[in-house]
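I opened the notebook to write down what I looked up, topic by topic.

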Amino acid sequence: MYPTSCDTFVALPPSTEGQRIVFGKNSDRPCDEVQEVVYFPAKSHEPEEKVECTYIEIEQVAQTYAVVLSRPAWLWGAEMGANEHQVCIGNEAVWGKESADGEEALLGMDLVRLALERADSAERAVDVITQLLEQHGQGGNCMEDECGFTYHNSFLISDRTEAWVLETAGKYWAAERVEAGYRNISNEYSITTKIDKEHAELRTYAQQQRWWNGKAEFSFAKVYSYSTTARIEAAEGRYCEGRKLLQKSEGHITAESMMDILRDKESGINMEGMFMTTGSMVSVIPKDQNLPGVHFFTATPDPDRSVFKPFIFVVDIKQLKHTCSPCFGEEDPVKKKPRFQSKPNRKHPLFLKHEVAAAIIDSTRERGERIVEKMRALEKQKLAEMEKYLTEGIEDATLPVHLFTDTVDEEFSIYSSA
């Protein structure tokens with residue numbers, strides 16, 4: 001198995017319909033890994049409190065924001081998610097000249113969750129991640145087994161007004177602001193000469209390593225990337241295909257068109273095989289502060305055979321149940337499980353029912369087509385309902401409290417009647 005994984009997208013006006021930002025990501029992970037969607041409320045913390053991440057413990061902040069996350073069920077962090085301030089983040093595995101081997105530290109997925117819990121804007125999220133990199137570094141196995149799958153990370157971060165691309169190599173990094181149009185990232189460095197923020201020693205370190213002579217125009221991707229590898233070439237292909245799909249819908253990118261992009265198998269964006277798309281997310285964020293953002297998650301593999309289910313942050317969010325899957329909270333099993341112990345069964349109820357439905361879709365044409373038709377009808381219904389919230393706002397804040405879990409129940413009904 002030669003892992004390649006993930007594609008993340010963002011579109012801003014004038015590429016989108018209306019004054020909205022549309023964010024999307026496919027999380028491509030080992031095909032037997034379960035992804036879950038979990039919610040953590042805002043919380044105040046005691047002075048000198050610590051937070052135990054996947055591998056290491058770090059200092060907690062005084063206040064963390066409410067977050068909704070899509071994450072591999074075994075770890076503390078997240079592949080993608082959003083917070084109550086409508087900040088959205090997705091990360092990508094990247095490799096380059098700087099070695100990704102090292103001691104256990106913060107995973108890129110830990111940094112996604114930490115930034116969402118601590119940042120009220122996209123730019124602030126860049127600052128949070130880079131400060132944590134400087135203090136604690138990044139590293140550790142990114143799979144539950146012992147295969148030693150390690151990498152650096154890039155991040156696509158958006159809020160109500162702009163987006164940022166942040167790409168890292170160890171503690172070194174470069175960041176690019178995106179104020180209009182569209183942008184995507186894959187498993188390669190993509191920031192070239194437009195660098196809006198950078199590590200203070202980014203260029204000095206490159207000179208010391210003889211990657212850059214100090215005279216030529218500095219391109220982060222050119223200086224820090226491998227010259228060529230099979231992995232880089234595969235990532236380049238998906239990156240280019242992703243840009244083409246965004247360009248195809250330019251000027252009228254919506255939640256639906258972003259979902260179509262994530263479902264595209266021909267481009268490799270909807271990945272199949274030993275590494276496959278195990279979870280997907282699409283968010284629609286109006287620029288108008290008075291309107292809610294809507295975050296759609298599948299919580300199941302293969303978006304082409306999944307339902308994007310909506311989630312909205314509301315004032316009275318305390319009533320919200322822990323979505324479709326168990327929420328491990330502060331007692332995550334990765335830290336409690338002895339090394340080399342067999343994996344526990346992490347399959348949540350939706351995953352199990354979807355697994356059966358997917359087998360029917362693959363093996364029984366007529367029954368499979370009926371299931372997919374009902375799934376698409378449910379999704380279309382929810383998109384229409386969310387459009388009302390996105391244009392008119394929410395008068396009764398209690399209405400969307402159980403929105404995600406209610407939609408999961410409707411999805412259950414489809415599978416039960418199949």
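**Entry 1: the cavity**

I noted at the outset that this is a predicted model. I began with how the lining of the largest cavity divides by residue type: three residues are nonpolar, two are polar and three are charged. Which residues are these? I listed Ser 5, Cys 6, Arg 29, Glu 79, Asn 91, Glu 92, Ala 93 and Tyr 151. Strand 10, residues 88–94, gives the largest share of this lining, with three residues. I then looked up the volume of the largest cavity, which is about 40 Å³. The structure holds one cavity of 30 Å³ or more.

**Entry 2: the chain and the confidence in it**

I looked up the totals next. The protein chain has 418 residues, and 61% of them count as buried. I found nine helices and 18 strands in the chain. For contacts between residues at least 6 apart in sequence, 71% join residues at least 24 apart.

The average pLDDT of the chain is 90, and 90% of the residues score at least 70. Where does pLDDT stay under 50? I found this over residues 316–340, for which the model has 70 contacts beyond four places in sequence.

I wrote down the strand order of an open sheet of eight strands: 3-8-9-10-11-12-13-15, with antiparallel pairing. Strand 3 (35–40) and strand 15 (197–198) are at the edges; each has a single partner strand, so one side of each has no neighbour in the sheet. In general, strands of a sheet pair through backbone hydrogen bonds, either parallel or antiparallel.

I followed strand 15 to its partner. Strand 13, residues 172–178, pairs with strand 15 in the antiparallel sense over two bridges. Opposite Glu 198 in strand 15 I found Ala 174.

Past strand 15 I looked at Ala 200, in the loop between strand 15 and helix 3 (202–208). Is Ala 200 buried or exposed? Its relative accessible area is 77%, so I put Ala 200 down as exposed. Ala 200 and Trp 173 are 27 residues apart along the chain, and their C-alpha atoms are separated by 9.1 Å.

**Entry 3: strands 1 and 14**

Strand 1 (residues 7–11) and strand 14 run antiparallel and are joined by four bridges. I picked out Thr 8, whose bridge partner in strand 14 is Ile 185. I then checked which way the side chains of strand 14 (residues 182–185) point. Tyr 182 and Asn 184 point one way, Arg 183 and Ile 185 point the other way, and all are buried.

The peptide bond from Pro 13 to Pro 14 is cis, with omega near 10 degrees.

**Entry 4: strands 16, 17 and 18**

I looked up both neighbours of strand 17 that I had on my list. Strand 16 (residues 275–286) pairs with strand 17 in the antiparallel sense over four bridges. Strand 17 and strand 18 (residues 309–311) also run antiparallel, and three bridges join them. Phe 296 in strand 17 is the bridge partner of Val 282, and His 295 stands opposite Phe 311 in strand 18.

**Entry 5: helix 1**

I counted the buried residues of helix 1 (residues 108–118), and eleven of its eleven residues are buried. Among them are Asp 110, Arg 113, Glu 117 and Arg 118. Leu 111, Val 112 and Leu 114 are also on the list of buried residues.

**Entry 6: two positive phi values**

I looked for residues other than glycine with a positive phi. Gln 86 has a phi of about 70 degrees. Gln 86 lies in the loop between strand 9 (80–83) and strand 10. With a relative accessible area of 5%, Gln 86 is buried.

Asp 302 has a positive phi near 60 degrees, and its place is in the loop between strand 17 and strand 18.

Note on methods: Residues numbered from 1 in each chain as written. Predicted model: local features only at pLDDT ≥ 70, side-chain atom pairs only at ≥ 80, totals over all residues. Heavy atoms only, no water. 1 Å grid on protein atoms, 1.4 Å probe; cavity = no way out; pocket = protein on both sides within 12 Å on 5 of 7 lines; lining within 4 Å. Points joined across faces, edges and corners; volume = space filled by probe spheres on them. Nonpolar A, V, L, I, M, F, W, Y, C, P; charged D, E, K, R; others polar. pLDDT = per-residue confidence, 0-100. Contact = heavy atoms within 4.5 Å. Buried < 20%, exposed > 50% of the residue type's maximum accessible area, 1.4 Å probe, protein only. Pairing = 2+ DSSP bridges.
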